[in-house]
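Hi,

Here is the structure I said I would pass on to you.

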Amino acid sequence: MAVTANAVSRPYQEEEQEDPREHLMFDPKPRGEMNGMVMESMHTTNWKFWVVTILLTVVVVTCLFGAWGYMIAKGLGVAGVNRPAYWGIFLTNVVFWIGISHAGTFISALLRVMKVEIRRPFTRAAELMTTFGLVQAGLSVFMHLGRVWRSYWLFPYPNQRTIWPDFHSPLMWDFMAINTYLLASTMYLFLPLLPDLAMARDRSTGWRKNVYRILSLGFRGTEGEWKNLHSAMNIFAFAIIPVMFSVHTIVAWDFAMATRPGWASSVFGPYFVIGALHSGIGAVLLVLFVIRSTMKHMKYFLRPEHFDFLGKLSLIISFTWAYFFFNDYLVPWYGGDKWEKLLLDFHEHGPLAWVWMTMLICNIVIPWAILWNKKWRRKPWLMGIIGFVINIGMWIERYVIIPISLTITRMPFTWRIYKPGIEIPLTIGTFALFMLLYMLASRLIPLIPVWEVQEGQEAHTLRKVGKATIPAVSEID
Amino acid sequence: MSEPTTLLALFEDIDPAAEAIEKLRELGLPDDQMNVISGVPIPTRVLGRPRVKTNVPRIAMSGAILGILVGVFLIYGIPYLYPLHVGGQPLFPIPPGLIVTFEMTMLGLMGFSFIGMFLDSRFPSYEPMDYVPEISDGKIAVFFKCPSERQAEFEKAMKEMGAESVEPKEAQEL
């Protein structure tokens with residue numbers, strides 16, 4: 001008699017066994033070889049690199065310095081700022097670039113504190129973005145000042161004008177917070193760079209050897225030096241996180257402390273911080289894609305797993321940004337204040353409603369439509385595009401908050417739509433300068449913190465549990 | 001007694017380096033007569049070495065205190081020297097004071113951590129030093145000072161522990 005048995009479980013399929021060597025931490029190479037790869041990536045340039053460098057230099061000279069010189073000679077009248085929008089694209093750029101700078105700290109410091117191992121190969125690329133982003137933010141502030149040669153008036157010192165900066169003003173807090181963040185993030189970039197500069201010194205000749213010899217300060221890797229480096233990096237990692245939050249919160253207060261429609265909001269602080277992280281992570285995705293596609297050996301260090309991780313992070317941040325945006329929208333809408341209602345109506349149905357809609361599409365619709373899918377998150381080119389789209393959306397968000405919102409004041413006879421003038425070439429100039437600085441740095445600074453990658457690989461092993469081989473991480477330090 | 005000789009033993013891996021350090025101790029060498037140099041950080045407990053002290057946190061803390069003092073001066077000292085009444089706020093308000101003091105404290109803390117790292121590691125230093133470039137490529141160097149007359153004994157012991165090479169080393173320019 002035939003025995004028939006009912007299945008006791010659901011039909012199953014063979015689980016695909018993932019090759020652990022897909023993960024950088026489980027695909028180690030001899031250290032000498034990895035060092036050689038990083039050095040080669042810095043030294044290998046082709047004609048395309050120099051063509052792009054020359055083009056960017058021309059753009060920087062004409063659009064940034066040329067246009068700025070023209071504005072200094074002619075006065076702020078050549079810019080589009082005028083009543084009622086006295087704050088225009090210059091400040092849009094300030095907020096945007098400070099936002100970009102947040103990714104470096106967030107990725108490097110926060111993930112270091114949380115011991116998120118996947119961070120290891122891309123922390124430096126993000127930290128470098130922080131420093132160069134802050135340079136652009138600083139330049140944009142000086143553009144906005146107009147009479148830039150009088151910027152020293154911001155400093156408190158005894159003077160015959162008997163004018164002192166007002167430390168009760170959010171603008172002064174902003175000045176201090178940005179300076180603190182710029183100095184701290186530059187130092188934080190330099191500290192973990194020391195061992196890699198020492199490695200570059202040992203593998204270089206000629207003028208490069210002298211440069212690295214000076215920059216590495218005599219670092220050898222003794223027990224004391226590592227201990228001091230770890231100690232300083234730990235202090236930085238913990239201390240720079242609240243500073244990062246404070247910087248964009250204070251930038252938000254520049255707006256929120258004014259009792260203007262659209263600005264006087266108690267959620268502006270965290271809303272700005274999340275916006276900064278949104279654009280910052282997007283920029284990291286874009287930068288990593290460019291580095292991976294254009295620099296030699298970078299496909300070994302920057303893998304689909306890293307884009308997948310950053311994609312997930314970006315999706316979560318996009319959710320959070322949407323939450324804060326809705327909060328910032330709902331409360332004034334519900335409150336029913338006449339001017340707030342007029343402003344919301346202007347955003348949604350005014351002549352610039354398409355800008356407002358584009359912001360929502362770039363920051364919410366497109367990221368949500370793409371980033372939920374693991375296969376798509378593992379495609380670097382697609383993640384590069386997503387990073388670019390998010391940054392367009394986040395730049396527009398700042399444009400909506402600043403010049404568009406300034407259009408609606410409590411004095412309707414002043415209403416006027418802001419039309420940028422010389423701000424456009426100056427904006428192009430800051431973007432070109434950021435790219436130029438990054439490209440030049442990529443030839444001098446190891447973009448991969450190779451000692452951190454090696455340290456991570458040392459700590460990762462594969463463990464056999466039952467029939468499966470699973471990754472394990474030892475906490476050596 | 002003759003001048004001590006500095007020997008450099010180069011190891012491929014952590015385990016033989018840790019064993020070699022133990023052996024050096026057995027041969028009567030105190031811990032302060034040896035040093036380990038590596039291209040990636042190796043915790044002292046992994047090598048069985050005594051904990052290294054660092055002054056960086058103490059220096060950082062002094063920077064934080066200095067930062068607090070600067071912040072307090074900016075927010076309270078400046079209005080005292082030059083009274084400026086703005087927006088109906090008191091001359092010496094607490095909330096803006098907290099913001100300015102926070103920024104200055106953090107700047108002091110991080111600035112002095114950075115400086116502390118330099119001071120405690122004696123950076124920058126461009127003098128000739130005990131070093132070989134192979135270290136940054138992953139080799140672990142154990143430097144130690146031994147009596148000249150026992151040099152051969154120490155060299156043999158290190159070789160037995162798996163050293164790739166054991167050589168007397170002169171300080172050299174990095």
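Let's start in chain A, where Lys115(A) sits in the loop between helix 3 and helix 4 (123-145). Lys115(A) isn't a glycine, yet its phi is positive, at about 55°. Before you go further, keep in mind that this is a predicted model, so please read everything below as computed from it.

To locate Pro84(A), go to the loop between helix 2 (47-74) and helix 3 (89-113) of chain A. Chain B has a cis bond too, running from Phe123(B) to Pro124(B), with omega near -10°. Pro124(B) belongs to the loop that links helix 4 (94-121) and strand 3 (140-147) of chain B.

**Helices that pack together**

Stay with helix 4 of chain A for a moment. Helix 4 of chain A packs with helix 5 (residues 170-190) of chain A at an angle of about 145°, and the axes are 9 Å apart. The crossing of these helices is left-handed. On the helix 4 side of chain A, the contact uses Arg124(A), Glu127(A), Leu128(A), Thr130(A), Thr131(A) and Leu134(A). Helix 5 of chain A answers with Ile178(A), Tyr181(A), Leu182(A), Ser185(A), Thr186(A), Tyr188(A) and Leu189(A). Sorted by class, that contact has 7 nonpolar, 4 polar and 2 charged residues.

Now try helix 11 (residues 304-335) and helix 13 (residues 353-371) of chain A, whose axes come within 9 Å and cross at roughly 145°. Helix 11 of chain A passes helix 13 of chain A in a left-handed crossing.

**Holes inside**

A search of the whole structure turned up 2 cavities of 30 Å³ or more. The largest cavity holds about 100 Å³ of space. It has 16 lining residues, and those closest to its centre are Pro195(A), Ala198(A), Met199(A), Gly39(B) and Ser136(B). Helix 6 (194-202) and helix 17 (450-459) of chain A are the elements that give two or more residues to this lining. Which element supplies the largest share of the lining? That is helix 6 of chain A, with 4 residues. As for classes, the lining of the largest cavity has 9 nonpolar, 5 polar and 2 charged residues.

The second largest cavity has a volume of about 70 Å³. From chain A, its lining takes Trp164(A), Pro165(A), Asp166(A), Phe167(A) and His168(A). From chain B come Ile78(B), Pro79(B), Tyr82(B) and Leu84(B). By class, the lining of the second largest cavity splits into 7 nonpolar, 1 polar and 1 charged.

**How chain B divides up**

One last thing to look at is chain B as a whole. Chain B is divided into domain 1 (5-53 + 142-168) and domain 2 (56-120). How far apart are the C-alpha centres of the two domains of chain B? They lie 46 Å apart.

Happy browsing!

Notes: Residues numbered from 1 in each chain as written. Chains lettered and ligands numbered in written order. Predicted model: local features only at pLDDT ≥ 70, side-chain atom pairs only at ≥ 80, totals over all residues. Heavy atoms only, no water. Domains from an automatic or database assignment. Axes fitted to C-alpha atoms, helices over the stretch in contact; angles between N-to-C directions. Left-handed = near helix turned anticlockwise from the far one by under 90°. 1 Å grid on protein atoms, 1.4 Å probe; cavity = no way out; pocket = protein on both sides within 12 Å on 5 of 7 lines; lining within 4 Å. Points joined across faces, edges and corners; volume = space filled by probe spheres on them. Nonpolar A, V, L, I, M, F, W, Y, C, P; charged D, E, K, R; others polar. Contact = heavy atoms within 4.5 Å.
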